[in-house]
Amino acid sequence: PLAAPLVIELDDGARLIAFGPDLPQLDDRVLDAFTRHVASAAERQRLRLEADRAERLSEANDLRSGLLAAVSHDLRTPLTAIKAAASTLEQPEVVASDELRHEFVTAITDHTDRLTALVTNLLEMSRIQAQAVELATGPVALDEVVPSALLGIDTRGVEVNLQLDESLPRILADRTLLERVIANVIDNAVKWSPPNEAVRVDAVAVGDKVALRVVDSGPGIPRDRRTDVLQPFQRIGDTTAVEGTGLGLAVAHGFLTQMGAGLEIDDTPGGGTTMTMTFLAASAKLEL
């Protein structure tokens, strides 16, 4: 015959309910030890969940702090420039020549593009932090997506050489996210490159993987800072020398992680930084 249910209250308020026949004294002691073990495991799980929640809150606070810092400078600067140029254009007596007027219009366009890029990276970083990135993965041709990504970049007069073979296998990626990744990585290389040094973009197939490289001749990234630059709002060197919020590489790294791709940072022979993005070839996925 079945005895009344055995109800054991755990430390976190949960209850363990056992049904069955009456137990002899030895089995009762074993059951007591077992329930204490279950209670201890439940408490450890609760503590892990609280620690994870505290870590997420800390990351969110860091993101908010970085966002405020970005708004106070990097977002305000282009807005100030746009306002100043537009106000000047409203005064015909000040802008007498077509050449000067064109200069102010160009300034407005450039600063608007910069502002758009900053806001886009902020929104995308928020998506990554909130784990709200939706993938539309499929075969993507690098010789098509890289030139498309390059169209949306202000190269600042720096030459970007594309060395992409049409025979390269297609990679497995989300084309929209990949275009943003490539744009951010090339944009970072351009920002730090000397005006007279070109940035090179090439790719090579290695087994079932395809490696896309962005090679610059800038100041390089110290080994002990290479992990830092992949975090939001982290920058290297003099922050007044190159504009930006320190989000570009963080967004690129976040999207690459979502797509199951890798990003490695190495030295460029002779000086500079080489960013290598590694993707699974689409053909390899089809064979699995």
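Trainee: Where is Arg-156 found?
Mentor: Arg-156 sits in the loop between H3 and S4. Keep in mind that this is a predicted model.

Trainee: What is phi of Arg-156 near?
Mentor: Phi of Arg-156 is near 55°, a positive value in a residue other than glycine. Most residues other than glycine have a negative phi.

Trainee: Is Arg-156 buried, exposed or partly exposed?
Mentor: Arg-156 counts as partly exposed, because its relative accessibility is 34%, and the buried class requires under 20%.

Trainee: On to H3. Which residues in H3 are buried?
Mentor: H3 covers residues 142-151, and its buried residues are Leu-142, Val-145, Val-146, Ala-149 and Leu-150. Viewed down the axis of H3, these fall within an arc of 135°, so they line one face of the helix.

Trainee: What do the buried residues of H3 pack against?
Mentor: Their partners are strands S3 (137-140), S4 (160-163), S5 (171-174), S6 (199-206) and S7 (209-215), together with helix H4 (175-192).

Trainee: How many bridges join S3 to S5?
Mentor: Four, and the two strands run antiparallel. As one example, Pro-139 has Leu-172 in S5 as its bridge partner.

Trainee: Back to the aspartate in S5, Asp-174. Why does Asp-174 count as buried?
Mentor: Because its relative accessibility is 6%, and the cut-off for buried is under 20%.

Trainee: What does the side chain of Asp-174 reach at 3.0 Å?
Mentor: The backbone nitrogen of Leu-177. A polar atom of the Asp-174 side chain also lies 2.6 Å from the backbone nitrogen of Ala-136.

Trainee: Which residues is Asp-174 in contact with, leaving aside neighbours within four places in sequence?
Mentor: Glu-134, Leu-135, Ala-136, Thr-137 and Met-259.

Trainee: Now the whole chain. How many helices and strands does the protein have?
Mentor: Six helices and nine strands. Of its 288 residues, 36% count as buried.

Trainee: Last one. Among contacts between residues at least 6 apart in sequence, what share joins residues at least 24 apart?
Mentor: 67% of those contacts.

Technical notes. Residues numbered from 1 in each chain as written. Predicted model: local features only at pLDDT ≥ 70, side-chain atom pairs only at ≥ 80, totals over all residues. Heavy atoms only, no water. Buried < 20%, exposed > 50% of the residue type's maximum accessible area, 1.4 Å probe, protein only. Arc of directions from axis to C-beta. Contact = heavy atoms within 4.5 Å. Pairing = 2+ DSSP bridges. Polar contact = N/O pair within 3.5 Å; in protein donor to acceptor, adjacent residues only side chain to side chain.
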